[in-house]
Amino acid sequence: MDSEVKKRLLREMLFARRFEERCYEAYVERKIGGFLHLYPGEEACAYGVLEAAKVGHDYVITSYRDHIHAIKSGVDPKAVMAELFAKVTGCCKGLGGSMHIFGVDDHFMGGYALVGGPFPLAAGIAKGIQMKGGDEICICFLGDAANNQGTFHESLNMAKIWNLPVLYVCENNLYGIGTRIDRSTAVVDQYKRVSGYNIPSEQVDGQDVEIVHEAAKKAIDYVRSGNGPYFLELMTYRYRGHSMSDSNAYRGKDEERMWSKRDPIIMLRDRLIDAGKLTEAEYKEMDNDILEQIENEIIKFAEESPEPPLEMLEKYVLIENDPWVKGGSR
Amino acid sequence: MAEIMFWEAVRRAHDEEMSSNPMVICMGEDIGVAGGTYKATQGLYDKYGPERVIDTPISENGFTGLAIGASFLGVRPIVEIMSVNFAWLAMDQIFNTAAKVHYMSGGQLRAPVVIRSPGGTAHQLGAQHSARMEKVFMGIAGLRVVTPSNPRQAYGLLKSAIRCDDPVFINEHELMYNMKGQVPDTEYFMPLEGSEVSRSGKDITLFGYNISVHWCLQAAEILSKQHGIDAEVVDLYALNPLDRAGIADSVRKTHRALIAEEAEPAVGVGSEIMAIINEECFFELDAPPVRVSAKNVPIPYNHTLEKSAIPNANDVVRAVLKMFGK
């Protein structure tokens with residue numbers, strides 16, 4: 001990976017960090033409602049994998065921790081923030097919310113709030129790709145705890161027997177809500193669990209975006225070449241609680257300090273500085289630019305946008321004027 | 001018009017739609033090589049191949065979710081869930097994804113998936129193979145629910161459901177696959193909303209759906225021949241949305257209403273129709289509406305007890321006579 005790409009990724013990941021931190025503030029200010037699941041600490045996962053994908057061409061689907069996957073897939077951050085602010089200019093017109101970000105034009109097929117729900121949907125999207133004969137793949141990002149749902153096993157099995165072009169990316173952040181993985185899961189190494197389905201898998205450091213990118217390139221190439229599903233486990237850590245209602249009381253400060261030393265953004269920044277490709281001052285300027293963009297463009301847009309009209313309440317329950325509801329047009 | 005069996009009507013709808021649109025697929029347990037438990041997909045595996053007639057593992061939530069995901073890309077899957085009892089396992093994907101994804105994506109995604117499944121009590125299938133789940137499905141915003149009472153409806157509803165962009169659940173019945181009926185020779189698409197007057201009458205409306213339409217028709221014959229009561233029978237083939245206008249029109253004409261349902265009474269088709277009658281035409285009523293429902297029990301294995309748990313035409317007749325003070 002050349003240093004210009006690294007610098008761009010650094011900027012993108014720093015943007016993701018600041019975007020999520022600003023969401024936190026907006027939530028505290030009650031500008032954002034409902035549940036809010038933030039991504040800080042895990043940035044190298046989404047950016048490393050999707051940097052290796054054909055964004056906008058490949059299909060991406062994930063859980064409720066979805067803002068950043070949407071943005072890296074091409075969804076306008078203004079539309080994401082406006083959605084969080086429940087505005088009609090949001091990517092889902094204010095009907096979805098934090099857990100349901102969609103950007104179908106960018107092939108971002110959504111965030112889903114039932115743990116493990118996207119596993120079969122991803123396999124189905126891959127079935128659709130297979131039927132249409134394209135070279136897209138479907139990339140499904142979910143956390144480690146989702147692997148204790150039946151859908152994990154059902155979907156891996158079907159993806160293998162039907163040779164579906166789907167890459168399952170496990171962001172293993174070691175906690176299922178507030179329960180540590182070894183207290184909930186018999187086999188802690190998630191990549192080992194898929195061997196029962198004869199699917200190739202790998203576990204790598206999810207904090208180093210270059211390592212993630214390399215592993216993802218290999219995985220994506222495997223899937224795109226028609227070999228069927230692949231499972232990539234990324235070892236990572238979320239800095240904040242599962243959601244905003246999580247006090248984080250279940251884990252120790254020592255553990256948090258240890259992981260903060262392996263921060264994906266700081267590691268990449270220091271690597272660029274050590275290589276003489278970036279200065280502290282340039283980094284600071286980058287950060288200031290991002291903060292300014294978030295405040296003056298993104299938050300401003302979300303703040304100033306109107307709420308959805310009341311007439312929208314019943315608009316998308318069923319398809320409007322579908323001719324087959326009346327038995328066809330004849 | 002030709003007289004064919006219910007299963008043949010379902011099979012014909014599959015065949016025609018798969019023939020005209022290469023994106024139509026069907027999937028379910030034993031539907032391919034084995035031809036389907038109720039023969040509804042017989043011969044399609046040989047004709048369309050394993051990519052489009054898919055024998056699934058026994059993973060109801062998984063394969064239903066897979067079908068929904070495929071539908072996002074324009075595939076039009078017809079999922080057969082072998083028995084409606086197994087649909088409980090797929091409820092997560094049906095309710096949480098299929099019914100909600102169009103709405104929560106702000107209209108961006110559509111899930112044009114058809115899920116067919118037989119329910120009802122049959123011949124001593126026991127508590128876990130005798131569920132009647134239509135009342136569960138019909139209460140969910142975003143999911144269309146239809147339930148054919150004859151081969152013509154089975155054919156015409158499935159044809160329209162496959163082409164409709166909404167997710168559609170088709171509630172079939174274990175006992176009805178060998179029922180014969182007239183089906184048009186040419187292509188026929190039924191509306192997915194509305195109701196049909198199966199028998200016109202002036203003294204009382206008997207509302208039925210799926211198998212209970214037949215109890216109502218039998219009861220109407222008995223009432224007419226033996227008791228001089230002229231009953232109208234309304235077939236509610238669409239359970240979500242229900243035909244509020246059609247229900248009210250018939251009650252305004254007959255001023256009395258009975259609902260026959262195979263399911264337990266609580267939170268059911270009957271209670272919903274009674275509520276609609278109250279809301280739409282309460283002052284047209286000459287008597288309180290009544291329900292003829294199943295007993296509120298898990299279905300027993302013993303044949304006599306099983307039959308006692310489920311209503312029939314005679315129960316409908318008795319309830320009508322009571323309403324008329326006879």
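This is a predicted model: local features need pLDDT of at least 70, side-chain atom pairs count only at pLDDT 80 or more; totals for chains, interfaces and linings use all residues.
A:L174 is partly exposed, with 19 other C-beta atoms within 10 Å, where a buried residue would need 20 or more.

- A:L174 has a phi near 75°, which is positive although the residue is not glycine.
- You will find A:L174 in the loop between β4 (166-172) and β5 (175-176) of chain A.
- B:D30 also has a positive value without being glycine, with phi near 65°.
- Which peptide bond is cis, with omega near -5°? That bond runs from B:N240 to B:P241.
- B:P241 belongs to the loop between β12 (238-240) and α10 (244-254) of chain B.

**Chain B as a whole**

- Chain B contains 13 helices and 14 strands.
- Its C-alpha trace spans about 60 × 45 × 40 Å along the principal axes.
- A compact globule of 326 residues would have a radius of gyration near 20 Å, and the 20 Å of chain B agrees with that.
- Buried residues make up 58% of the 326 residues of chain B.
- Take the contacts in chain B between residues at least 6 apart in sequence: 78% of them join residues at least 24 apart.

**Helix α1 of chain B**

- Helix α1 covers residues 6-20, which makes 15 residues.
- From first C-alpha to last, α1(B) reaches 22 Å, close to the 21 Å expected at 1.5 Å a residue.
- Is α1(B) largely enclosed or largely open? It is largely enclosed by the rest of the structure, because 11 of its 15 residues are buried.
- Among those buried residues are B:F6, B:W7, B:V10, B:H14 and B:M18.
- The cover over the buried residues of α1(B) includes strands β1 (2-5), β2 (24-28), β4 (76-80) and β8 (180-183) of chain B, and also helices α2 (44-48) and α8 (151-163) of chain B.

**Strand β5 of chain B**

- Strand β5 spans residues 114-119, and six of its six residues are buried.
- In a regular strand the side chains alternate between the two faces of the sheet.
- Both faces of β5(B) are covered, with B:V114, B:R116 and B:P118 buried on one side, and B:I115, B:S117 and B:G119 buried on the other.
- β5(B) pairs with β4(B) in the parallel sense over three bridges, and B:I78 stands opposite B:V114 in β5(B).
- β5(B) also pairs with β7(B) in the parallel sense, over six bridges, and here B:S117 has B:N171 in β7(B) as its bridge partner.

**The two domains of chain B**

- The domain assignment divides chain B into domain 1 (2-183) and domain 2 (196-323).
- Taken over C-alpha atoms, the centres of these two domains of chain B are 26 Å apart.
- Their contact uses 23 residues from domain 1 of chain B and 21 residues from domain 2 of chain B.
- On the domain 1 side, α7 (134-137), β6 (144-146), α8 and β7 (168-173) of chain B are the elements that give two or more residues.
- β6(B) gives the most to that side of domain 1, with three residues.
- By class, the residues on that side of domain 1 are nine nonpolar, 10 polar and four charged.

**Where chain B meets chain A**

- How many residues of chain B are in contact with chain A? There are 41, and they touch 39 residues of chain A.
- On the chain B side, α3 (60-72), α5 (91-98), α6 (101-104) and α8 each supply at least two residues.
- α3(B) gives the most to this side, with 10 residues.
- The side of chain B that touches chain A is made of 19 nonpolar, 16 polar and six charged residues.

Conventions. Residues are numbered from 1 along each chain as its sequence is written. Chains are lettered from A and ligands numbered from 1 in the order in which they are written. Helices (H or I, at least four residues) and strands (E, at least two) are DSSP runs, numbered from the N terminus. The radius of gyration is taken over C-alpha atoms; the globule rule is 2.2 Å times the number of residues to the power 0.38. A residue is buried if 20 or more other C-beta atoms lie within 10 Å of its own, exposed if 12 or fewer, and partly exposed in between; C-beta atoms are placed from the backbone. Two residues are in contact if their C-beta atoms, placed from the backbone, lie within 7 Å. The expected span of a helix is 1.5 Å times one less than its number of residues. Ala, Val, Leu, Ile, Met, Phe, Trp, Tyr, Cys and Pro count as nonpolar, Asp, Glu, Lys and Arg as charged, and the others, Gly among them, as polar. Domain bounds come from an automatic or database domain assignment. Two strands pair if DSSP finds at least two bridges between them.
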